[in-house]
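Work through the exercises below with the sequence and the structure side by side, and try each task before reading its solution.

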Amino acid sequence: MKVIVDEARCCGAGQCVLLAPEVFDQREDDGIVLLLEAEPAEHLHATVREAAAVCPASAIELSDAG
(Lines give C-alpha, C1' and ligand atoms only; values in the text may rest on other atoms or scores of the structure.)
Protein backbone atom coordinates (compact mmCIF):
# COMPACT_ATOMS: atom_id res chain seq x y z
CA MET A 1 0.00 0.00 0.00
CA LYS A 2 1.13 3.50 -0.80
CA VAL A 3 -0.26 6.55 1.00
CA ILE A 4 -0.59 9.89 -0.77
CA VAL A 5 -1.68 13.03 1.08
CA ASP A 6 -2.99 16.11 -0.69
CA GLU A 7 -1.69 18.80 1.66
CA ALA A 8 -3.68 21.47 -0.17
CA ARG A 9 -6.93 19.72 0.80
CA CYS A 10 -5.91 18.88 4.38
CA CYS A 11 -7.88 20.87 6.94
CA GLY A 12 -5.70 19.93 9.92
CA ALA A 13 -8.41 18.03 11.82
CA GLY A 14 -5.87 15.44 12.98
CA GLN A 15 -8.14 12.39 12.73
CA CYS A 16 -5.44 10.48 10.85
CA VAL A 17 -2.86 11.24 13.54
CA LEU A 18 -5.16 9.94 16.25
CA LEU A 19 -5.80 6.70 14.37
CA ALA A 20 -2.36 6.01 12.90
CA PRO A 21 0.40 7.99 14.65
CA GLU A 22 2.98 5.63 13.16
CA VAL A 23 2.06 6.89 9.69
CA PHE A 24 0.81 10.47 10.17
CA ASP A 25 1.81 13.53 12.18
CA GLN A 26 0.90 17.20 12.02
CA ARG A 27 3.13 20.16 11.27
CA GLU A 28 3.45 22.37 14.33
CA ASP A 29 3.01 25.65 12.50
CA ASP A 30 -0.30 25.00 10.74
CA GLY A 31 -1.57 21.53 11.73
CA ILE A 32 -1.39 20.18 8.18
CA VAL A 33 -0.70 16.45 7.94
CA LEU A 34 2.88 15.28 7.77
CA LEU A 35 3.30 11.84 6.21
CA LEU A 36 5.79 9.77 8.20
CA GLU A 37 5.51 6.51 6.27
CA ALA A 38 4.43 6.52 2.62
CA GLU A 39 4.46 2.71 2.47
CA PRO A 40 3.32 1.50 5.89
CA ALA A 41 3.86 -2.04 7.14
CA GLU A 42 1.09 -4.50 6.35
CA HIS A 43 -0.13 -4.68 9.95
CA LEU A 44 -1.02 -0.95 9.70
CA HIS A 45 -3.05 -1.18 6.48
CA ALA A 46 -6.48 -1.53 8.12
CA THR A 47 -5.81 1.43 10.41
CA VAL A 48 -4.56 3.58 7.53
CA ARG A 49 -7.68 2.70 5.50
CA GLU A 50 -9.81 3.79 8.46
CA ALA A 51 -7.85 7.05 8.75
CA ALA A 52 -8.44 7.75 5.06
CA ALA A 53 -12.16 7.00 5.45
CA VAL A 54 -12.65 9.42 8.35
CA CYS A 55 -10.59 12.28 6.92
CA PRO A 56 -13.08 15.17 6.74
CA ALA A 57 -11.25 16.72 3.79
CA SER A 58 -10.76 13.45 1.86
CA ALA A 59 -7.09 14.40 1.61
CA ILE A 60 -5.70 10.85 1.97
CA GLU A 61 -5.47 8.62 -1.07
CA LEU A 62 -4.43 4.98 -0.93
CA SER A 63 -2.97 2.89 -3.70
CA ASP A 64 -2.59 -0.88 -3.52
CA ALA A 65 -0.14 -0.80 -6.43
CA GLY A 66 3.49 -1.00 -5.46
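**Exercise 1.** State which residues Val48 touches, not counting residues up to four places away in sequence.

*Solution.* Take contact to mean heavy atoms within 4.5 Å. With those sequence neighbours set aside, Val48 touches Met1, Val3, Val23, Phe24, Pro40 and Leu62. This is a predicted model, in which local features need pLDDT of at least 70 and side-chain atom pairs count only at pLDDT 80 or more, while totals for chains, interfaces and linings use all residues. Residues are numbered from 1 along each chain as its sequence is written, and side-chain values use heavy atoms, with hydrogens and water left out.

**Exercise 2.** Describe the largest nonpolar core and find which element gives the largest share of it.

*Solution.* Begin with the term: such a core is a set of buried (under 20% relative accessible area, 1.4 Å probe, protein chains only) Ala, Val, Leu, Ile, Met, Phe, Trp, Tyr and Cys residues joined through side-chain atoms within 4.5 Å. The largest one has 19 residues, and those with the most contacts inside it are Val3, Cys16, Phe24, Val48 and Ile60. Next, strand 1 (2-5), helix 1 (15-19) and helix 2 (45-54) are the elements that give two or more residues to this core, and helix 2 provides the largest share, 3 residues.

How values were computed
Buried means under 20% relative accessible area, exposed over 50%, partly exposed in between (1.4 Å probe, protein chains only). Helices (H or I, at least four residues) and strands (E, at least two) are DSSP runs, numbered from the N terminus.
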